[in-house]
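Look over the sequence and the structure first.

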Amino acid sequence: MTYCVGILLEQGLVLASDTRTNAGVDQVAIAPKTHVFDQAGERVIVLLTAGNLAITQSVVNLLREQIKEPEPGVANLNSVHSMFEAATVVGAAMRSIYHRDGDSLKEHGIDFTASILVAGQIKGEKPRLFNVYAAGNFIEATSDTPYLQIGETKYGKPIIDRVINYQTDMMEAVKCVLISFDSTIRSNISVAMPIDLMIYRTDALTADCRQRLTEHDPYYASVHKGWGEGLKTVFSSLPNPEWGA
């Protein structure tokens, strides 16, 4: 399991993923789940992946091979004209890997589980954010519901629901995302540091604001400490019930 979140804002995009992967409690490793496809000044497309690592790595590698060896008349992430087309290409790659591996996985009792957030901007349109499912179909974030999560979503969702809207300041959104991850890491062993964080400002058309955060990062440590202590303070300040007193 993993945790990825994408937030679509008027100012741009905030994207983050954890890096833990495991095949049992004694086979824990770090693997990147944020994958960037960019052409400076033309497009920035980012994939955040969750689910079976072999499946998502195959999808990402297929997408890179399509760029490396383009076929005439076949769209790839460097040739699409919109983020909608980009999500369509990712969905097609997901279906291609399913057709290749789905039956074999089923024979071994393994479900075809994968989800990919597709986010970014292509010159000439606004930033957009999509969630591509294992079947290759997808949904798009809107200004009414400007965030998408995949993986272990339930622990980090409440803070996002309470804080985030389309007009939220980007740095406020970054803070919210880190609290969301802190809550998830606190409650689920399958999600862990480091966190890969990317901030994309509208019309930047470059992927130069990326950072890997560890538990020793000073800002993350301050958020972790402040959020934990703040929750305890607020909890203590609430009145106890008088039932049965």
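## Asp196 and Arg212

Asp196 is buried, with a relative accessible area of 12%. Buried means under 20% relative accessible area, exposed over 50%, and partly exposed in between, with a 1.4 Å probe and protein chains only. Arg212 is partly exposed, at 43%.

Asp196 and Arg212 form a salt bridge, with their closest N and O atoms 2.7 Å apart. This pair links distant parts of the chain. Asp196 lies in strand E11 (residues 195-201), Arg212 in strand E12 (residues 210-213), and 16 residues separate them. A salt bridge here is a side-chain nitrogen of Lys or Arg within 4 Å of a carboxyl oxygen of Asp or Glu. Strands (E, at least two residues) are DSSP runs, numbered from the N terminus.

## How the model is read

This is a predicted model: local features need pLDDT of at least 70, side-chain atom pairs count only at pLDDT 80 or more, and totals for chains, interfaces and linings use all residues. Residues are numbered from 1 along each chain as its sequence is written, and side-chain values use heavy atoms, leaving out hydrogens and water.

## Other salt bridges

The whole structure holds nine salt bridges. One of them joins Glu140 to Arg128, with the closest N and O atoms 2.7 Å apart. That pair, too, links distant parts of the chain: Glu140 in strand E9 (residues 138-140) and Arg128 in strand E8 (residues 128-132), 12 residues apart. Glu140 is partly exposed, at 34% relative accessibility.

Glu152 pairs with Lys154 in a salt bridge, and their closest N and O atoms are 2.6 Å apart. Glu152 is buried, at 10% relative accessibility.

How values were computed: Helix = DSSP H or I, 4+ residues; strand = E, 2+ residues; numbered from the N terminus.
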